[in-house]
Amino acid sequence: MTETTLSHPDNRESTTFTQEELGWLPWLEPFPADQLTERHWAGLVDASRAKSPYFLLLARDPDVLQARTKTDKDIFYNTSNGLPRAERELAATATSRHNGCIFCASVHSRFATQYSKRGADVQRLLDEGVDAHIDSRWNAIIEASVALTGTPIAFGDEQIKALRKAGLDDLEIVDVINGAAFFNWANRLMLSLGEPTPPAKA
Amino acid sequence: MSIIISDVIDHLAGIRPGSSLDRLRDQRPQARENAQKSYRALFEPEFPGEVTAIERYAVATFVAGLHHQPHVTDFYAAYLQEIGHPRLTDVIRAEIARGSAEGPYGRYPQGPLTVEDKEGLVYQVAADNRKSLGSRLATGLEHAHLLVFHPRDASPAALQKLLDAGWSTTDIVTLSQLVSFLSFQIRVVAGLRALAGASARESADPDFTQIFTGVLASGAV
C-alpha cells in the first residue's frame, strides 16, 4: 500500500495565539474508525475520542496512546492536593506558548481562564509571550515552565527558589514540573502531525 | 541488562524508595505508573510493529544526547551497545555533537507572530554516517532533531521524507511518540533531580538548618 501525506490547501492556519476554539487537521491518515479493535478502544481511553482525527491517528500505536492519556489525566485532573488546576493549566499554556503550539495553547489557555477567572492575564501571556509580567506567583510558574522547556534544559535552583518564594511547596513544584514536562510531549505531537484550523465563526 | 528497573524515571533521577521525592511522586500514582507504561510500550513493546529495537534505542540515545543529559544518554546507549553494531553508538554520539543546538526555535505561519521567528540549525546526518546508518534511520534522526529543537517547523513535507525513506504511517506515529515521550521523560528526570539537589543544598546550609531546627524546637512543625 502506498501511503502519502494529507494536505489541506484551503485551510487558513491560525496566525495568532488565541483562547478561541480551533480545529485540527491531520497530515497523515488516521486509523479507520470502522476498523477499531478492542485494543484500539482501550488506547483511546474515552470512546468519544474516536471522533477526533488526532486521537484516531495516535491510535495507530494504541498502547502508547493509552499510557500517554492516563499520564496526562493524572497530571492535570488529580487535584485532591497540590497545585490548583488553574496553575497546572498555566504551566501547560506557558510551555505551549514557548514551543509555539497555537492549538495546544488555545485549549489550555481556555482552561486556565476557566479555573482562574483571570482571562485578561491569560490573554497577556498569549499576546505578550512568556516574558509578560503578571504577578510574582504566575511569573514564577511561567518562568519555571519555560526553563524546563528549553533544550538544553535550564531549570534549576533559580527557578525552584522563585517557586518557593511564591509560596509553592514541593508537591506543587512537582506538579509544575509534570505539567510543563507533559506539554513538551503533547506540543510535539500536535505540531508535527497536523495543523490547526481557524475558529468556527458563530 | 541484568538489573531489573521497576521505574525508569526513579532510576534516572536517583529516587530511592521511602525518600521524600518517592512520596511526592506517589501523590500522582496514575501518572507515575503510566509514565512507566509509556516507556515499556515504546522500548519493550508487546506489539513491536515495524520499528526495530535498534531504531528505538538509537533515536533515544540521540534525543537524550541532544538534551545534554549524560546519565539518560548513557542509559539508552548501554542498551544500544548490547543490541547494535559495535560502531553504531559511536556514530550516534558523533551525530549528537553535530546536531548540537539551542531550542525551541522555528517559524510561525506568516502573520503577526512572524516577528518571533527564530532561525536555527536545520540538521542533516553527515554523508558518511548516512551510509552506515542507512537512509531510514538517518531520516528518523533528522526528524527527531526537528521535533526536539524546532517542532513548529514541522510540515507534511517533513513527514513525506520519512515515508520516502521507508517509514509507514504507523511507524511515523511510533517514532513521533518516542521522541515526544522522551522530551517529557527527560524533563521530569531533570526537574526532579534539580528539586532533590536544591533541597539537599538547603539542608546543608547552616542558616537554613538553624532556622529549621529552631522551628522544630518551637513545636511549630
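The crossing of α4(A) and α6(A) is right-handed, meaning that the near helix is turned clockwise from the far one by less than a right angle. Helices here are DSSP runs of H or I with at least four residues, numbered from the N terminus. The model is predicted, so local features need pLDDT of at least 70 and side-chain atom pairs count only at pLDDT 80 or more, while totals for chains, interfaces and linings use all residues. Residues are numbered from 1 along each chain as its sequence is written, and chains are lettered from A in the order in which they are written.

Two packed helices are described by the angle between their axes and the distance between the axes. For α4(A) and α6(A), residues 119-128, the angle is about 20 degrees and the axes are 9 Å apart; the axes are lines fitted to C-alpha atoms over the stretch in contact, with angles from 0 to 180 degrees between N-to-C directions. α4(A) is therefore roughly parallel to α6(A), a term for angles under 35 degrees. A:Thr93, A:Ala94 and A:Arg97 of α4(A) meet A:Val122, A:Leu125 and A:Leu126 of α6(A), contact being C-beta atoms, placed from the backbone, within 7 Å.

The contact between the chains takes 56 residues from chain A and 58 residues from chain B. Among the elements giving two or more residues to the chain A side are α4 (85-99) and α9 (170-193). The most comes from α9(A), with 17 residues.

In chain B, 13 of the 15 residues of α8(B) are buried, so this helix is largely enclosed by the rest of the structure; buried means 20 or more other C-beta atoms within 10 Å of a residue's own, placed from the backbone.

How values were computed:
Two residues are in contact if their C-beta atoms, placed from the backbone, lie within 7 Å. Angles under 35 degrees count as roughly parallel, over 145 as roughly antiparallel, 65 to 115 as roughly perpendicular and the rest as oblique. A residue is buried if 20 or more other C-beta atoms lie within 10 Å of its own, exposed if 12 or fewer, and partly exposed in between; C-beta atoms are placed from the backbone.
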